[in-house]
Amino acid sequence: MTVAATIVLRGRKVVGGRAEGEALVTRQTIPGWGGVNPVQGVITETQHELRGVSFKDKVLVCRGAKGSSGWSAMYHTARLAGTAPKALVFNEMTTKIALGAVVMRIPSVTDFDRDPLDIIETGDWVIVDGDRGLVEVVKRSASRS
Amino acid sequence: MSTLHLTDAEQRMLDGRDGKARQKAMELLVRYAEALGAERFVDTRNVAGVPGSANPFLQNYYKDKNRDGLDAIFSHFDLDSDELVDVPQAVVPTFHLQGGADPTAWQTLGVKVEVFRNHQEREAFAAQHDVGILKTCTPYLAGNVPAKGEHLAWMESSAVIYANSVLGARTNTEGRESTSAAMLTGKIPDWGLHQTEHRFGTHRIDVDLDVSTVMEWGMLGYFVGDMVQERIPVLQGRFARPDIVRLKHFGAAASSSGGVEMYHIVGVTPEAATLEMAFGPKPPVEVFRYGRQEQQRVYDRLNATGTDSDVDYVMLGCPHAAIEQLREAAQLLDGKKVSGNCHLWIFTSRAVKSQARDEGITKTLGDAGAVLLTDTCSAFAQAVPPGTKVVALDSAKQAHYLPAILGVQAWFGTTRECINAAVTGRWSADRP
């Protein structure tokens with residue numbers, strides 16, 4: 001029996017609060033208006049690697065946001081529809097993702113000491129402490145052994 | 001770690017001494033500035049957003065929760081406030097971007113009468129709060145042309161990139177909530193493109209191809225956005241000086257495939273008289289070459305969903321057509337008729353439509369069977385003629401969004417190829 005290995009990433013608070021959930025990871029930027037169905041909580045952009053995938057209740061781990069200025073309003077709508085992610089972990093700060101994180105009111109962290117995209121994989125269990133800027137990662141492979 | 005500093009006037013608003021609504025607006029702006037890591041706010045006297053607008057989901061959401069009423073959506077959604085507030089007038093010049101439905105031809109768009117009444121009510125709400133009703137994604141072609149160096153709080157990615165790059169004004173891509181909060185405070189976080197050091201180029205694009213048509217500038221924009229994402233590209237190469245329409249399509253494409261909010265074209269845009277001026281103190285982090293192969297790959301991607309050559313619908317005017325584009329469409333259509341199997345809708349602003357009417361362009365378009373519409377577009381309104389399966393478009397931005405939003409097939413080509421498809425009902429184009 002092995003003890004599940006926990007990796008801790010240190011970053012900067014974007015939005016405070018604490019949440020945990022299963023990671024959904026993409027190296028691509030996340031589209032807003034015109035590339036997401038907020039009521040269903042699904043990415044719809046035709047060429048996106050997460051097309052058809054739901055982000056509801058996931059810890060969304062991504063490069064950042066792209067596209068329309070309707071980004072925040074889309075994810076704000078997702079919060080009202082109950083389809084928002086539980087937390088946000090990202091690398092590239094933009095006004096779109098900052099405002100989106102604020103109005104989703106979910107713990108969010110950026111500016112990490114190590115690249116979360118190199119460490120977190122879809123399916124890992126991730127605990128996000130927004131106030132302290134800490135992200136704990138329990139590898140799926142480790143937690144299953 | 002950076003700390004946010006507030007002026008006395010900002011603290012006063014945050015403390016609620018200027019009223020509840022401005023307090024809630026300032027609270028939202030403080031949360032937003034802290035998320036960004038901004039250290040202060042900058043004053044703005046030019047806001048472009050969609051204050052108080054509502055889609056059917058929001059309308060029903062707040063109705064279900066007994067929060068109906070015009071102030072409710074503004075309080076709870078625009079300001080993200082849990083408390084209902086009385087919404088005061090805009091304190092700085094504020095303009096309404098695209099939205100709603102054409103005020104006269106709304107039925108053409110398939111809008112139901114109740115929904116249209118809601119749009120009218122919300123437009124009246126905006127106007128009563130001193131919001132200028134531009135109803136366009138191209139405010140810079142409809143009476144709001146910012147000056148170089150002016151600080152803005154603008155939504156609409158294609159307008160933001162135009163204002164920064166072509167006009168030299170300063171704005172980040174703001175959102176629904178931040179523009180509505182700016183409308184009540186005249187404040188926006190001093191971050192990113194408001195600051196000179198963040199306006200320099202990061203990536204160099206060597207254009208090794210004679211880019212000339214509107215469609216070619218759209219493809220170049222789509223390539224650049226994909227390559228640099230949210231960074232700042234600097235273009236140089238052997239192309240002729242692009243006009244307003246080409247710059248509009250280039251920027252709209254770059255802010256769709258990526259998140260580009262500013263670009264430089266050496267010798268063309270105001271902060272790039274030379275390559276050195278465009279990059280400032282730092283050299284490019286990466287260099288991309290754009291040649292024939294790259295252009296063909298973009299063309300194939302934008303045409304990836306097109307399979308049936310029978311075209312049901314041709315849409316022009318993304319971003320909203322400039323008067324030059326309406327003149328061109330009228331010339332191409334003069335003496336011709338749109339096929340009985342096809343529809344041609346052209347979207348523009350109310351201001352440009354009024355000019356087109358005075359120039360006789362509207363009549364030429366109407367005689368040919370084309371429909372000139374304002375306020376919105378097919379992607380924004382999710383409106384196409386009934387039964388549409390295959391569309392033809394001359395905008396890379398619309399070709400990017402429409403198949404994802406409505407599940408239609410899209411052909412992307414020149415304005416001439418699109419008009420030709422409208423007249424014949426068939427797509428026929430040469431791969432460049």
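Two residues are in contact if their C-beta atoms, placed from the backbone, lie within 7 Å, and the views below come from a predicted model.

**View 1. Five strands of chain B form an open sheet with parallel pairing.** Reading across the sheet, the strands of chain B come in the order S13-S12-S11-S14-S15. Strand S13 (371–374) and strand S15 (409–412) of chain B are the edge strands, each of them pairing on one side only. On average, and with direction ignored, neighbouring strands of this sheet are turned by 25 degrees against each other.

**View 2. Strands S14 and S15 of chain B pair in the parallel sense.** Four bridges join S15(B) to strand S14 of chain B, which spans residues 390–393. B:Val391 has B:Ala410, a residue of S15(B), as its bridge partner.

**View 3. Chains A and B meet in a contact that takes 32 residues from chain A and 33 residues from chain B.** On the side of chain A that touches chain B, the elements giving two or more residues are strand S2 (12–15), helix H1 (71–81) and helix H2 (95–104) of chain A. H2(A) gives the most to this side, with seven residues. The residues of this side of chain A comprise 13 nonpolar, 14 polar and five charged.

Methods:
Residues numbered from 1 in each chain as written. Chains lettered and ligands numbered in written order. Predicted model: local features only at pLDDT ≥ 70, side-chain atom pairs only at ≥ 80, totals over all residues. Pairing = 2+ DSSP bridges. Axes fitted to C-alpha atoms, helices over the stretch in contact; angles between N-to-C directions. Nonpolar A, V, L, I, M, F, W, Y, C, P; charged D, E, K, R; others polar.
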